[in-house]
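User: I have a new model open on my screen and would like to go through it with you. Could we begin with the metal site and then turn to the fold?

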Amino acid sequence: MHGARAGPAVPAYACAVTTPARGADGPALPAVIIAPSLLAADFARLGDEATAVEVDADWLHIDVMDYHYVPNLTIGLPVVQSLRKVTSLPFDCHLMIDEPARWAMDYAEAGALNVSFHAEACDDPVALARALRSEGVMAGLAIDRDTAVEPYLELLPHFDTLLIMTIKAGFGGQAFMPELLDKVRTARRHIDSGHLQLRLEVDGGVDENTVIEAALAGADAFVSGTAVYGAADPGAAIRALRRSAHAAVSNRS
Ligand code: DX5
Ligand code: ZN
């Protein structure tokens with residue numbers, strides 16, 4: 001059970017986060033979450049590609065693009081509904097669409113664990129976050145390459161994940177942009193000083209090397225498409241990412 005119907009008393013995400021988030025008491029290291037992105041999978045075999053990472057992945061990242069907010073067109077609601085039937089992995093739905101309020105609740109109802117939408121695509125991000133949470137689903141705020149994070153920091157108490165793009169949203173296989181890690185550092189400082197319970201996720205160009213940079217900057221959830229599905233053994237690639245991320249997180253002060 002990963003989705004929207006657990007009931008409001010126990011957040012749905014409680015079943016997926018196996019170690020404590022960085023929180024008010026802050027003794028524990030954040031759990032490392034590895035979320036392979038289906039965007040890099042073989043779209044003719046999506047069900048098999050999802051189950052291929054079931055043992056090793058924490059979340060399955062699903063990129064929803066509408067050909068308007070970004071120039072690409074990918075997976076939509078019927079595909080997510082069908083995938084929900086073939087894997088027990090928690091779904092991390094990343095909406096790169098205009099007017100996410102029109103669609104986000106449908107992804108919640110389809111069984112997503114987390115639904116992220118882009119900050120500037122939404123008129124009232126807090127209202128949408130509240131609506132998602134009221135359904136027992138995690139609410140995610142996404143920050144694209146050209147969007148500053150500072151104006152949105154005060155909204156973070158309303159969210160469960162903050163997704164910071166380390167590329168320009170729209171396509172997989174792009175090179176990681178280390179200069180965007182300043183936003184991750186800024187967000188990490190804000191999360192820690194405010195004692196916020198929030199997963200800090202990076203997305204774009206994350207591989208065995210760049211995952212270390214992102215983890216050192218403060219990320220604790222890592223989306224990776226090409227480095228997982230482009231590998232001969234996706235499971236082994238996920239394990240390698242996790243090892244690198246854990247080592248880096250352990251070295252973070
Ligand atoms: C791009 C997507 C990413 C993409 C990452 O807009 O949001 O999730 O799948 O793919 P890689 O890891 O190949 O950069
Ligand atoms: Zn994504």
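Predicted model: local features only at pLDDT ≥ 70, side-chain atom pairs only at ≥ 80, totals over all residues.

Analyst: Residues are numbered from 1 along each chain as its sequence is written, chains are lettered from A and ligands numbered from 1 in the order in which they are written, and side-chain values use heavy atoms, with hydrogens and water left out.

User: Which are the protein donors of the zinc ion (ligand 2)?

Analyst: They are His61 (NE2), Asp63 (OD), His94 (ND1) and Asp203 (OD), lying 2.0 to 2.3 Å from the zinc ion (ligand 2). Donors are N, O and S atoms within 2.8 Å of the metal (3.2 Å for Na, K and Ca); water is not among the atoms, so sites may look incomplete. Along the chain, the donors are spaced as H-x1-D-x30-H-x108-D. Histidine 94 belongs to strand 3 (residues 91-96) and aspartate 203 to strand 7 (residues 199-203), so the pair ties together parts that are 109 residues apart in sequence. Strands (E, at least two residues) and helices (H or I, at least four) are DSSP runs numbered from the N terminus.

User: What is the geometry of the site of the zinc ion (ligand 2)?

Analyst: The site is octahedral, with angles of 72 to 172° among its six donor atoms. For six donors, octahedral means that opposite donors are over 155 degrees apart and all others between 65 and 115.

User: Is histidine 94 buried or exposed? And aspartate 203, buried or exposed?

Analyst: Histidine 94 is buried, at a relative accessible area of 0%, and aspartate 203 is buried at 7%. Buried means under 20% relative accessible area, exposed over 50%, and partly exposed in between (1.4 Å probe, protein chains only).

User: Which residues of strand 1 are buried on its two faces?

Analyst: Ile33 and Ala35 on one side, and Ile34 and Pro36 on the other, are all buried.

User: Which residues touch the most other members of the largest nonpolar core?

Analyst: In this core of 68 residues, they are Leu38, Leu60, Ile62, Leu132, Leu141, Leu162 and Phe222. Helix 8 (residues 234-251) contributes the largest share, five residues. A second, separate core of ten residues includes Met65, Val70, Met96 and Ile167. A nonpolar core is a set of buried Ala, Val, Leu, Ile, Met, Phe, Trp, Tyr and Cys residues joined through side-chain atoms within 4.5 Å.

User: Where is phenylalanine 171, and what does it touch?

Analyst: Phenylalanine 171 lies in the loop between strand 6 and helix 5 and is partly exposed, at 41% relative accessible area. Not counting residues up to four places away in sequence, phenylalanine 171 touches Leu39, Met65, Pro71 and Asn72, where contact means heavy atoms within 4.5 Å.

User: And where is glutamate 109?

Analyst: Glutamate 109 is in helix 3 (residues 104-109) and counts as exposed at 55% relative accessibility.

Methods:
Tetrahedral: all angles 85-135°; square planar, octahedral: opposite > 155°, others 65-115°.
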